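I opened the notebook to work through one chain.

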Amino acid sequence: MKNIILFFVLAFYAVGSGLSYGEEPTSEMFIGRILEALDKIHTVSYNLEERFYQTGDDSLYLSKKIFRYIECENKGDSTGLSKFVCFNDDGRFCDSYDGMIRLEYCDNHLRKTDMSRQTVVNIQSPFYNCITRLCEYLQEPDSMKLVNVEDKDDYWELRADIKGDNVRFYGYPRSYPTAGGWSRFIIRVDKDNFNPMFLSSSNSLSSKIEQEVSDVKINESSVESFSVEKYLPELPVLRHNGSEIMEYSKRRNKESAEAGMNCVLPTDTLNIIGGGVYSLNDSKGKVRVLMLTLVGCGPCFLSYPIYNEIYRKYSDSTEVDVKGVLYQYTGEMEAYKKFLKKYSIEFPVALNNGRFYKVFSSAGVAPIFIVIDRDDKIVLYHLGYDKDLYDIIDGKIRECLK
């Protein structure tokens with residue numbers, strides 16, 4: 001019996017699929033057809049929607065992001081990565097890799113990392129590159145891999161379950177053997193040409209991520225003519241972990257704080273997780289305290305217990321209003337409720353509306369702690385986690401109450 005088992009139930013195989021009639025196809029045949037299709041895609045541009053799901057619940061997603069990718073094959077790269085350029089849905093440059101150098105947008109500059117000097121590559125594979133490496137990985141014999149293919153009428157769906165390993169793709173696959181660990185991948189391909197259009201990945205250590213491509217334009221340019229440089233914005237390029245980037249970050253944080261202190265307060269009404277609405281105008285005349293946070297932010301997780309203490313101290317006060325605002329807002333309310341429960345967040349948290357958060361931070365930085373006095377003046381704009389965070393926030397509140 002083959003190590004990779006394929007359960008494929010279909011009376012006849014569609015001519016458009018390229019599978020032959022009669023004999024049941026092997027897993028190698030099916031995965032091979034996907035690789036044949038991918039081998040024809042040398043350069044490609046596409047929209048990619050990425051949905052991030054709450055751990056343990058496939059029906060609830062916390063957030064989604066939409067990117068625009070331009071991806072170029074890079075067969076000679078020892079990392080197994082494609083070259084690519086990535087833009088946010090607002091058209092702003094986000095990330096790139098040219099075969100040696102990675103450039104990431106970071107607070108109004110480009111952070112440069114020389115990947116040729118990295119012992120461990122930590123760039124997530126772009127869509128087509130990831131599916132290529134996944135299919136190559138599934139071709140390798142292993143009794144812990146189980147592959148099923150189903151006919152979903154409009155597309156073929158391949159589901160791969162891997163026992164014992166948490167597998168992630170940074171170019172070539174990286175496995176994290178874990179007792180009781182598992183990984184699951186789902187690929188959907190077009191029946192006519194076997195081009196992939198959907199990838200779902202999940203494992204025992206993380207939440208599920210779905211990626212779906214649309215507006216695909218294959219081979220817009222040749223591999224030889226593709227150049228990352230022509231897509232780069234005119235911003236300072238600073239070496240990752242260099243002294244210059246530390247100094248630049250300090251200066252930018254100071255500038256961001258100054259801009260935040262002088263911003264015009266938003267009047268938007270936001271939905272509170274669990275029910276109700278929130279607007280800064282509703283608590284006009286009070287001292288208002290805000291924590292701007294986001295899903296997946298390590299310093300935010302460290303700050304939640306401290307901010308809980310601030311909330312508990314002033315929860316019964318008629319003079320102080322303590323709230324949080326979450327950067328994400330596209331997910332389902334039930335998923336956000338689970339997020340609050342997971343991190344034991346006690347203070348009310350409102351969902352961003354795509355504009356409110358940007359008033360205080362155009363780059364979506366987190367965490368940010370803001371104190372607004374009774375006269376609508378921002379008297380504290382604090383970036384990041386600090387071991388003295390309680391004293392910093394509480395001290396400013398007490399000043400406002402004098």
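First, the cut-offs I need: a residue is buried under 20% relative accessible area, exposed over 50%, and partly exposed in between. I also note that this is a predicted model.

**Entry: D376.** Is D376 buried, exposed or partly exposed? I looked up its relative accessible area and found 27%. That value falls between the two cut-offs, so D376 counts as partly exposed. D376 sits in the loop between β18 and β19 (378-383). Its phi is near 70°, a positive value in a residue other than glycine. Most residues other than glycine have a negative phi.

**Entry: S344.** I checked S344 next. Its phi is positive too, about 50°, although S344 is not a glycine. S344 belongs to the loop between α5 (333-342) and β17 (349-351). With a relative accessible area of 47%, S344 is partly exposed.

**Entry: P367.** I then looked at the peptide bond from A366 to P367. This bond is cis, with omega near -10°. Most peptide bonds are trans. P367 lies in the loop between α6 (356-360) and β18 (368-372).

**Entry: the whole chain.** I stepped back to the totals. The chain has 402 residues, and 48% of them count as buried. I find 7 helices and 19 strands. Among contacts with a separation of 6 or more, 61% join residues 24 or more positions apart. The accessible surface comes to about 19,700 Å². Carbon and sulfur atoms hold 48% of that surface.

**Entry: the second largest pocket.** How much space lies in the second largest pocket? I noted about 310 Å³. Its lining has 17 residues. Nearest the centre are L38, I41, E73, K75 and T132. By type, the lining divides into 6 nonpolar, 5 polar and 6 charged residues. Which elements supply at least two lining residues each? I wrote down α1 (27-39), β2 (61-72) and α2 (127-139). α2 gives the most, with 5 residues.

**Entry: α1.** α1 has 13 residues and reaches 18 Å from its first C-alpha to its last. That is close to the 18 Å expected at 1.5 Å a residue. Its buried residues are S27, F30, I31, G32, R33, I34, L35, A37 and L38.

**Entry: N203.** From β10 I picked N203, which lies in that strand. N203 has a relative accessible area of 6%. The cut-off for buried is under 20%, so N203 is buried. Leaving out residues up to four places away in sequence, N203 touches N166, V167, R168, W182 and S183.

**Entry: α7.** I finished with helix α7, residues 389-401. α7 has 13 residues and reaches 19 Å from its first C-alpha to its last, close to the expected 18 Å. Which of its residues are buried? I listed L389, I393, D394, G395, I397 and C400. An α-helix has 3.6 residues a turn, so residues three or four places apart point the same way. Cover for the buried residues of α7 includes β15 (287-293), α4 (298-314), β16 (320-326), β18 and β19. The loop between β18 and β19 is where I began, with D376.

How values were computed:
Residues numbered from 1 in each chain as written. Predicted model: local features only at pLDDT ≥ 70, side-chain atom pairs only at ≥ 80, totals over all residues. Heavy atoms only, no water. Helix = DSSP H or I, 4+ residues; strand = E, 2+ residues; numbered from the N terminus. Buried < 20%, exposed > 50% of the residue type's maximum accessible area, 1.4 Å probe, protein only. Contact = heavy atoms within 4.5 Å. Areas by Shrake-Rupley, 256 points an atom, 1.4 Å probe, with all protein chains shown as cover. 1 Å grid on protein atoms, 1.4 Å probe; cavity = no way out; pocket = protein on both sides within 12 Å on 5 of 7 lines; lining within 4 Å. Points joined across faces, edges and corners; volume = space filled by probe spheres on them. Nonpolar A, V, L, I, M, F, W, Y, C, P; charged D, E, K, R; others polar. Expected span 1.5 Å × (residues − 1).
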